[in-house]
Every structure is written in structure tokens, then in C-alpha cells.
Amino acid sequence: MIGLLAAAGPVIPNYGGGASTCARANKTFCMDWFRANWSDVFVPALGQHVKLTLIAVVIGFVISSALALIAHRYGWAETTITVISGTLYTIPSLALFQLLVPVTGLSVLTVEIALVSYTLLILFRNMLAGLRGVPEDVRDAARGMGLTDRQVLWRVELPLALPAVIAGLRIATVTVISLATVAAFIVDEGLGGPILRAIQSEVFKTELLAAGALTIALALVADALLVLVQRFLTPWYAAGRSR
């Protein structure tokens, strides 16, 4: 796989006359090289990384929501779902990619299937824990007001489960952002591409550090945004914790 990526034309720093002394010496970090390659290398890679992450998290959220609702309604399904999603979660990412390649090839589909599989256990368990964490007397009060089981779910249980659900989203999102860097072994997309190319280019430090730092920054920003979403959707929860 690495050979295929190398043949695709890795971005190797310009050590010729146009390169700075810093880049030619391969010093720890060359700001001039980073600025020169920001729009051509890092912006596209960052956009691709965000896309890979969003697709995986959204699909994983939809699947996990359905599974959590099934397990919440039919308790016997929890063990089966937990075992299957837990097994997928324990498979090393590179091994899972290699298992999928013969079926789906070197494609974004392969990457997304793997990334989605790593979100299922996290999201499923948090959603189910949130739903089951709703006090029974609250459910009884809702039914006493004449709400049907479906109305209790949508108007009472799901809103009260939101803190646990968003906590699961935070963990799943950061996990996908980190694992998406490994996708460079399958497709030349995301911030894993510059990281892999930097290693292939006799460990070009600037490209390696820049891509790694952008990955960390993306994870921090995504986590912060989800915290803000939680505070907006559950102001009562934040107020309760501050007491």
C-alpha cells in the first residue's frame, strides 16, 4: 500500500534552489515551508479529514441511535449488540483496513466502514446509559400526564439523556479524528497523507509536525464545539452541575 501511495506522487519538500536553508537542513520546523505549502497541501488535507470524520460520526450516530432504542425497548438485545460492536472496536485499525480491502478495495468506502465501526460501541453504550439513567418516577409522572410511550421517549427520556449522548459523541469524534490519519494507508486523503509522506521523505520534520499539530487542533476544536452544543441544548444540566 505504501508503494502505491509513493507512486501517486508524494509531496517532497523542495530542497533545490527555491528551498530555504531551514528546509534543506530539515530542521525541526520551517515556518516558510509551511506557509508556502499551506494552501496546496494542508488546507485540502484538513478539509478531507473533516469530511471523513463527519461522514463516519453521522452514520455511526444514526446506526447507534437505532441500536440503543432497540436495546432500550428489548433488554435482551443489549448483550448481542455490545458483543458485536465491542468485537469491531477491539480490532486494530490497520488489521481492519486490510480485512476490508479485498472486499471494498482501496477506497474511501473502506475507510468509512472502518471508522464507523469504531464509533458504534462508544455511541451505543452512552446512548443506552443516558436512556436508562432517566429516573423511573419521571417516567411515571409523564405517563400520569397522559403521554404515550412514544411521547415519553421523545419529550422526556431523550432530552434527559442528551448529556450522556453528547459525551459519547465527543469521545467518538476525537477517536475518529485520530484513526482517520491511518486512512492514508488506504487512500491519500486527510492529514494522514502529509504524515505518511513526511515519513517516506526521510522523516521531513516540518510536514510531520505540522500535520500532527493540525490533527490535534482539529480534535480540540471539535470537542470544544460539542461542549458548546451541549451547553446550548441542556442549559439545565450545566446549571445543575454549577451548584
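**Aromatic pairs in a predicted helical chain**

Trp-38 is partly exposed because its relative accessibility is 34%, between the limits for buried (under 20% relative accessible area) and exposed (over 50%), with a 1.4 Å probe and protein chains only. This is a predicted model, in which local features need pLDDT of at least 70 and side-chain atom pairs pLDDT 80 or more, while totals for chains, interfaces and linings use all residues. Residues are numbered from 1 along each chain as its sequence is written, and side-chain values use heavy atoms, leaving out hydrogens and water.

View 1. Six aromatic pairs are found in the whole structure; rings of Phe, Tyr and Trp (its six-membered ring) pair if their centres lie within 6.5 Å, and planes under 30 degrees apart are stacked, over 60 edge-to-face and the rest tilted. The ring centres of Trp-33 and Phe-42 are 6.2 Å apart and the planes at 80°, so this pair is edge-to-face. For Phe-34 and Trp-38 the centres are 5.6 Å apart and the planes at 55°, so the pair is tilted. Both Phe-34 and Trp-38 lie in helix H3 (residues 31-73), four residues or about one helical turn apart. Phe-34 is buried, at 16% relative accessible area.

**View 2. Trp-33 and Phe-42 are buried****.** Trp-33 has a relative accessibility of 7%, and Phe-42 has a relative accessible area of 0%. One aromatic cluster is formed by Trp-33, Phe-34, Trp-38, Phe-42 and Phe-204.

**View 3. The protein chain has eleven helices and zero strands****.** Helices (H or I, at least four residues) and strands (E, at least two) are DSSP runs, numbered from the N terminus. Of the 243 residues in the chain, 42% are buried.
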